[in-house]
Amino acid sequence: MRFAEFLFAPRAVALMLVLAPAWSLAHAAAPELEAEPAAAAAPKAWQWAGIYKADALHANTGSLNSWVGNLNLRADADAGQLFGWAGTSFHIEALLNHGGKPNQLIGSTQGISNIEVAEGAARLYATWLEHEFAESGTRVLFGLYDLNSEFYSTEASALLINPSFGIGVDASQSGRNGPSVFPNLGLTLRLRQALGASHYVQAALIDGVPGDPAHPGRTVVKLSREDGALGVLEFGYQERGEDGGNGPGHWALGAWQYSAQSPSRAHGSAGTARNHGIYALAQGLLHQGQGSTRTIGFVRSGLAHSKVNAVDCALDTGLLIEHPLASVSGLANLAPQTFTAGLAYAHYGQGWRDAQLAAGTPISSHELVLEIGARWQPLPTLAVQPLLQHLWHPGGRREASSTLIGARLEWSFGAP
């Protein structure tokens, strides 16, 4: 039985996405129209911002030259100031995706760009209402929600563009249309509870089939008994910095399971099973250099039910070096702000490999991705990140490998 369904008008989203950056440029070009700032700036009741990301990629085979773009607009409102709902905030995002589909040629299981989509379109994205109970510190969120914004996430891996450094492929492969991550989000109820100063526990109950697998460019909410739900639980520790923000220390343990049955994908195994998995992550400071130079490392690993998933084990690790040449005289202003490196490993389950062999396509036991990059920030609102990726056995093809060079461009506007 279907309980709720809505479609967000893509033309309206596209219009908003196109007009907002133009308004931002015009607004910046006319400072004389600004009102005099108040003597003491009060917190704003609402604010908006945006970011445009683009990846230019070229493969060593010469058959791939691709440009992928993603425009994200978001707005946040303090419902306490606007409506008197103390402790309540509202968030809305919209996306406009365009460009090529480079992974259709590479055929990687883990992907190559975290802004590539199956179908370019304007979409309603993360849109939710959150309330924090002051006495207990419990935060309750309801709406369209990106699971990877808080679960299975490490800040040190965020600048790497391969999708496996966002959420592990053990989890991202699950479900008929993914587990409510970019670009298709599901209706979600999320609870987060602080445990003392640094520990936390969080849980999410999510629509089992976010969006519409038959129409990947649409934002759709459809709840049904057949689709079921996805439950996720994570317990962890997040170090707090002196400024109150997040410090580099972070570890977590998590588990997920779908309520609906999934068909078996293993050779010789009929029937269905409930898809489930577990994961762990750790991030920490490896080295504190002179001045602002520091190195942060991360490692994450996950297991998924081998009967219903192609990948039964995933592991990724890497590091982030902030201001790597800050102590070198004469190079501080020319050096990159960060250096990133990551290695992502996906292991194919024996049942999946046997099924491929029976179909006449023997595959490797794993796929491996290496990514390195450096990020320059010539302007506060502009970042350029040249990068290189090398893939061993993309899609499990035994004799295949691919090398990609390219760059990510990011332009931010609106509120900082």
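User: What makes Q202 a contact of V232?

Analyst: Happy to start there, bearing in mind that this is a predicted model. A contact requires heavy atoms within 4.5 Å, and Q202 is on the list of residues that V232 reaches in this sense, leaving aside neighbours within four places in sequence. Therefore the pair counts as a contact. The list also holds L147, F151, A203, A204, I206, A255, W256 and Y279.

User: Which elements give two or more residues to the largest nonpolar core, and which residues touch the most other members?

Analyst: That core has 27 residues, and L147, F151, V232, W256 and Y279 touch the most other members. The elements giving two or more residues are β5, β6 (138–145), β8, β10, β11 (246–263) and β12 (272–288). Among these, β5 gives the most, with four residues. Another core lies apart from it, with 17 residues, including L57, L160, V369 and L404. In soluble globular proteins, nonpolar side chains tend to be buried together.

User: What makes the pair of E116 and N103 a polar contact?

Analyst: The cut-off for such a pair of N or O atoms is 3.5 Å. The backbone nitrogen of N103 lies 3.2 Å from a polar atom of the E116 side chain, so the distance falls within the cut-off. N103 is also one of the contacts of E116, along with V68, G100, K101, P102, Q104 and F182.

User: How do you know that β7 and β8 are paired strands?

Analyst: Pairing takes at least two bridges. Strands β7 (residues 186–195) and β8 (residues 199–207) share eight bridges in the antiparallel sense, so they qualify. Q193 stands opposite V201 in β8. Their hairpin has three residues between the strands, and G196 there takes a positive phi near 75°.

User: What makes β10 a partner of β8 as well?

Analyst: Nine bridges join β8 to β10 (residues 229–240), so the pair passes the requirement of at least two. These two strands run antiparallel, and H199 has Y237 in β10 as its bridge partner.

How values were computed. Residues are numbered from 1 along each chain as its sequence is written. This is a predicted model: local features need pLDDT of at least 70, side-chain atom pairs count only at pLDDT 80 or more; totals for chains, interfaces and linings use all residues. Side-chain values use heavy atoms; hydrogens and water are left out. A polar contact is a pair of N or O atoms within 3.5 Å; within protein, one must be able to donate a hydrogen and the other to accept it, and residues adjacent in sequence count only if both atoms are side-chain atoms. A nonpolar core is a set of buried Ala, Val, Leu, Ile, Met, Phe, Trp, Tyr and Cys residues joined through side-chain atoms within 4.5 Å. Buried means under 20% relative accessible area, exposed over 50%, partly exposed in between (1.4 Å probe, protein chains only).
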